[in-house]
Amino acid sequence: MVIAVVILLLVISSLLFHFLSPWWFTPIASNWTAIDQTINITFWVTGTVFVAVNLFLAYVVYRYRHNKNRKADYEPENHKLEGWLTVLTSIGIIAMLTPGLFVWADFVDVPADANEVEVVGQQWHWSFRLPGDDGQLGRTAIALINLNNPFGIDPDDPHGQDDVLINSNELHLPIERPVKVLLRSKDVLHNFTVPQFRVKMDLVPGTQSYLWFTPTLLGRYEILCLELCGIAHYTMRGHVVVESESDYQTWLNQQPTFKQSLARISRDIAAGQQSYTACIACHGVNGEGNRAIGAPVLAGQESDYLNRQLNYFRSNIRGGSDDDIYGRQMLPFAAMLADDAAVANISRYLHSLPLVTVTKSTEHRGNVSVGREIYKNCAVCHGEFAQGHYAQKAPKLAGQYTGYLKRQLENYQQGIRGKHPQDMYGSQMILMSKLLQDEQAIDDVLAYIATLQPVQ
Amino acid sequence: MNINRQLLSKPWLSDDADITDSYNQTQCLRVVQTQSTKTALVFFLMVVTVVFFLISITFLSRSQYPDFTALAGPPWLPFSNPITLWVNSAFLLLASIVIRFAATSKASNESVANTRMVLALCLTGLFSCLFLIGQLLVWQQLTASGFAVNGNPANSYFYLFTGIHGLHLAGGFIALIRVVISFVKHADNERLSANLGLCVWYWHYLFIVWMLLFALLTATPATYKTIALLCGF
Amino acid sequence: MKEIQPIADDHQPSGFFAKYVWSLDHKVIAIQYSVTAIFVGLIALVLSALMRLQLGFPDHFSFIDPSSYLQYVTMHGIIMVIYLLTALLLGGFGNYLIPLMIGARDMVFPYLNMLSFWTYLVSVIVLIASFFVTGGPTGAGWTLYPPQAILQGTPGADNGILLMLLSLAIFIIAFTMGGLNYVTTILQARTRGMTLMRMPLTLWGIFIATILGLLAFPALLVSAIMMLFDKLLGTSFFMPAILSLGENLDYTGGSPILFQHLFWFFGHPEVYIVALPAFGMVSDVIATHARKNIFGYRMMVWAIVAIGGLSFVVWAHHMYVSGMNPYFGFFFATTTLIIAVPTALKVYNWLLTLWRGNIHFTVPMFFAIGFIFTFTHGGLTGLFLGNVVVDLPLSDTFFVVAHFHMVMGVSPIMVLFAAIYHWFPLVTGRMLHTGLGKLHFWVTFLGTYAIYLPMHYLGFLGVPRRYFALGDTAFIPDSTQTLNAGITVAALIVGVGQLIFIFNLIWSLRRGKVAVANPWQATSLEWQTPQCPPVHGNWGDNVPVVYRWAYDYSVPGHKTDFTPQNKTDAESLLPDKGGL
């Protein structure tokens with residue numbers, strides 16, 4: 001008796017849960033409403049079966065509960081009933097499968113007028129490439145990937161010269177234009193998902209996969225990686241911005257082509273040294289920083305990283321928060337760098353400076369062996385010796401003032417740094433910093449990092 | 001009763017049941033045991049077949065990738081004229097023949113029969129060992145001439161195929177030794193005969209698998225293309 | 001006629017070691033399998049509690065970092081699927097029940113049977129050893145996809161993955177040994193009168209599942225060997241030209257998707273290796289406790305065989321978004337939805353067995369009812385995922401996690417509990433405590449539903465699986481954090497609730513009510529042994545002869561509401577119907 005009532009209540013509460021819950025598909029922002037419709041059909045068919053089967057179960061369990069004066073029936077089989085049940089079930093199955101296959105056919109068959117965009121995934125961020133004016137993406141190869149050619153484009157392929165490179169986590173798309181997304185991975189399996197667009201597909205190294213959709217709603221949508229790709233899988237986020245045609249063109253014109261990116265390689269280190277004179281007061285003549293005033297070591301740091309941070313300071317993407325006391329001080333200095341070339345020059349200059357050794361701080365007491373265990377999570381980007389890596393977009397940490405590092409970690413945890421939408425890798429560090437649950441954990445990992453000798 | 005008729009029968013009707021389907025317990029224990037080991041071997045061979053089948057299918061698929069270079073074809077490739085492999089095949093064939101002789105030889109005198117059988121089994125062991133040693137030699141030759149396991153995928157598959165085949169042969173060898181030891185302990189002629197019969201099957205099976213592998217691994221790129229097309233790659 | 005015993009069983013074993021350690025008796029081996037499987041399953045249960053603590057209360061537990069989280073996820077999954085469910089259902093229940101249900105004295109290869117257990121134990125030890133090597137166990141997810149599984153950036157890429165692959169290979173060898181025993185015994189050692197169609201459905205489920213296992217595990221073995229080659233010898237079966245953390249590696253030309261094909265060619269039959277014995281056992285529990293023959297026995301058998309066969313052609317529904325040729329999606333969606341039909345028919349037949357039955361609300365029956373409810377739910381959500389285009393938004397989200405826990409976690413566990421409560425008196429001679437059993441049932445049934453029903457909705461939202469933390473996302477409302485916390489609380493309650501069961505098991509072994517022979521008044525042969533629990537050799541002097549199928553419950557004209565399989569018509573019919 002009780003069980004019959006419980007089953008009834010479970011059916012009712014499941015239905016209530018479904019209809020009252022706020023947790024359902026996020027509003028669709030692409031053309032794939034047919035997927036939503038197929039899901040609804042599936043839901044109604046399966047929901048009906050769920051209710052019918054379980055109501056019958058509850059009834060049967062109540063009606064035929066044990067009665068010593070009654071004997072159970074003896075009916076080995078009933079062909080007619082079984083036949084009808086088979087037919088009905090098959091009809092239900094066909095009702096769900098048929099629309100599903102039609103919509104799948106739409107997904108497999110990309111419209112001829114779709115623009116192509118290449119999404120490149122790697123551990124643990126995204127980058128993007130557009131075919132440029134010639135409408136064709138250049139040939140790529142893993143062996144060609146290096147600091148100056150992160151996309152691995154073949155410089156001898158004429159189609160590659162005009163490819164537009166977006167070396168950040170944010171892609172823009174024009175609204176109402178179908179786009180075929182070509183997916184390529186540099187290392188392991190990843191998956192490109194934007195829930196609002198409904199479609200997803202794995203990125204498979206060694207081959208190219210695809211998906212297509214038409215964005216139908218303006219907005220900024222989050223990209224998630226949905227195939228476990230290592231420790232920092234959950235931090236591999238990006239954004240797709242869907243905007244009007246004219247806004248899109250503005251954005252597009254700001255992105256460099258492959259040809260332009262090659263041209264930017266040569267840096268004027270001497271000019272960089274010249275610009276640096278304004279920074280010596282805080283950061284030291286050898287880029288050794290100044291513990292007392294909170295200026296970090298800059299000598300030998302990843303130039304790509306310095307480049308990005310300086311640009312962020314210039315645009316208030318970093319240091320803009322009122323709580324970022326030291327960051328705010330950087331804003332006027334960064335503004336003194338006139339253009340991208342100046343930023344690139346000074347970054348390259350600083351990278352070329354020889355490594356400096358800093359004396360260990362005695363302020364923070366951390367447990368080195370606990371810190372070593374924690375650091376394993378950081379090592380995947382920052383390197384086994386905290387030497388940083390351009391491919392992971394991770395700065396060198398070894399040889400840096402632990403006080404500075406501590407402040408940055410706390411800033412990430414509190415959203416003082418990294419929260420700005422244009423901080424492409426900030427959200428990743430916010431997520432990673434949160435695995436340090438308390439101050440002791442921070443001190444521990446920094447105590448370990450302090451034992452690592454900086455390497456070039 | 002055949003399996004289809006069985007599946008269609010209505011078991012709640014006692015007159016419909018064919019009791020002869022389950023005759024086993026009226027038979028002698030020995031027969032149950034003999035049939036059981038046979039059944040077990042059949043299933044085991046199915047398992048082994050699935051293993052080789054899967055490796056073969058993946059091999060054929062890989063053979064159509066651009067980086068795959070077959071090990072036979074132009075004369076400078078190792079298996080364009082695979083003499084060592086032919087020699088090894090001969091050893092395995094001899095092992096198969098000799099073990100069949102061991103299992104089926106009849107003589108009037110029991111001690112003569114036993115002597116023949118023991119001799120034949122020793123030869124089986126010898127030829128099987130020669131086969132395995134020969135395979136190891138091929139491995140050595142291949143690696144020395146620059147076809148290491150981690151080179152071309154054709155190399156990797158060669159070592160994988162022959163390694164797994166060799167392991168199965170070695171396993172069969174251990175089983176054969178157990179059969180002999182059991183005979184020495186129990187002197188049960190019928191059981192020995194039955195078990196030897198199964199070993200014969202196993203050796204024949206491994207020989208056939210080897211010949212198929214031989215053909216597959218020493219085929220030319222054109223042959224791979226044809227087979228792959230037939231399989232839909 | 002001559003008495004039948006397996007050859008090796010010429011004499012009773014004596015001494016502690018011969019009787020309980022190196023025993024050749026299928027019943028002892030079954031208990032060895034079961035105890036090992038449950039022990040290792042409890043470890044996996046603790047790992048799941050740790051995972052839920054992180055998901056429910058992120059930023060609270062400093063010892064759970066992304067690296068260890070992924071290791072918990074992986075080890076929990078592989079232990080539960082392979083080392084608990086497969087080992088317990090086939091190695092435990094299969095070993096115990098097959099000879100008894102077919103009227104044999106033991107398996108046909110008792111020595112091989114014993115070897116299979118010890119090999120299984122070695123595989124468990126190797127797996128657990130991966131917790132103690134440098135780098136810890138692998139954190140690649142139970143699916144172990146390359147390239148990441150063997151590359152830096154994934155936990156255990158140096159040593160843990162090697163031990164995992166080695167352990168799996170050893171397990172497959174153990175399974176093959178056991179599996180050969182199960183199929184051969186069922187085919188060759190059935191007692192007189194026991195035709196295949198007179199076997200209880202428990203045996204059909206185990207039989208077909210074993211065949212599936214024998215044919216499917218080779219795919220896992222091949223993929224494991226190839227991955228070992230890739231890691232240790234530098235071959236490129238699965239490894240294309242790639243970077244690892246920015247550095248170019250030596251591999252070239254391999255295909256990660258190939259691994260997925262091999263893995264899921266095994267992986268899908270694997271879920272039926274777990275499900276089919278469960279289907280079989282629950283059929284018998286329902287029939288016995290409802291005093292009614294299983295409805296549509298022939299259809300049930302055909303359905304088991306059909307599901308077994310079809311299970312080999314649906315594997316790529318796990319790969320819809322893998323980047324494989326998208327045209328495969330049409331084929332696999334069709335076969336996947338087809339396999340739903342025989343599965344649904346089984347559910348109808350369980351319901352129709354209860355209908356017009358005389359249902360005793362024993363603890364096994366409660367769990368059986370719980371199974372029907374949860375399996376219906378889990379099976380229906382499978383239809384979402386099987387329909388290729390519907391899988392697009394749902395793949396790799398918590399919808400998948402909720403679905404597979406319902407069908408692989410909750411439903412088979414319901415059956416396992418039903419089976420344990422049902423067969424405990426046979427194995428031990430005592431009854432499990434009913435009150436504790438009912439409490440255990442309610443906590444488990446309601447608790448697991450409370451965990452997994454809401455989890456589907458996280459999936460609808462788009463919350464990804466295998467994420468250490470969600471962080472701030474624009475499209476996921478904060479309320480999901482509350483939901484996650486609620487699920488964690490439910491999970492912890494259910495986990496702790498299993499202690500009731502463990503306590504019941506241990507307490508009842510000593511203090512449980514002594515069981516009468518055949519306490520549930522069941523018809524199948526395992527309950528008809530002269531001694532309960534059955535002793536070595538099972539049947540005493542004479543093996544039984546079978547005269548009827550396994551479901552003569554409440555037969556009109558029979559003396560009692562159940563007629564055991566080894567009773568003649570003369571013994572079972574009422575006098576006025578021709579009986580004695």
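A:Lys376 is partly exposed, with a relative accessible area of 40%, where partly exposed lies between buried (under 20% relative accessible area) and exposed (over 50%), using a 1.4 Å probe and protein chains only. A:Glu373 is likewise partly exposed, at 44%. The two residues form a salt bridge whose closest N and O atoms are 3.1 Å apart; the term denotes a side-chain nitrogen of Lys or Arg within 4 Å of a carboxyl oxygen of Asp or Glu. Because they stand three residues apart in helix H12 (residues 368–382) of chain A, about one helical turn separates them. Helices here are DSSP runs (H or I, at least four residues), numbered from the N terminus.

The model is predicted: local features need pLDDT of at least 70 and side-chain atom pairs count only at pLDDT 80 or more, while totals for chains, interfaces and linings use all residues. Residues are numbered from 1 along each chain as its sequence is written, chains are lettered from A and ligands numbered from 1 in the order in which they are written, and side-chain values use heavy atoms, leaving out hydrogens and water.

**Salt bridges**

Over all chains, the structure holds 23 salt bridges.

| Pair | Closest N to O distance |
|---|---|
| A:Glu77 and C:Arg298 | 2.8 Å |
| A:Lys376 and A:Glu373 | 3.1 Å |

A:Glu439 is partly exposed at 47%, whereas A:Lys406 is buried at 6%. Salt bridges with shared partners also join A:Glu118, A:Arg129, A:Asp163 and A:Arg184 into one network.

The salt bridge of A:Glu77 with C:Arg298 crosses between chains, from the loop between helix H2 (33–63) and helix H3 (79–108) of chain A to helix H8 (residues 297–310) of chain C. Both A:Glu77 and C:Arg298 are buried.

**Domains 2 and 4 of chain A**

An automatic or database domain assignment gives chain A four domains, including domain 2 (115–257) and domain 4 (360–456). The C-alpha centres of domain 2 of chain A and domain 4 of chain A lie 28 Å apart. Their contact (heavy atoms within 4.5 Å) takes 17 residues from domain 2 of chain A and 17 residues from domain 4 of chain A. Between them, these domains bury about 1500 Å², 56% of it on carbon and sulfur atoms; buried area is the accessible area (1.4 Å probe) that two parts lose on being put together, summed over both. A:Trp124, A:Ile231 and A:Thr235 supply 30% of the area that domain 2 of chain A buries against domain 4 of chain A. The count of salt bridges between the two domains is zero.

Terms used:
Helices (H or I, at least four residues) and strands (E, at least two) are DSSP runs, numbered from the N terminus.
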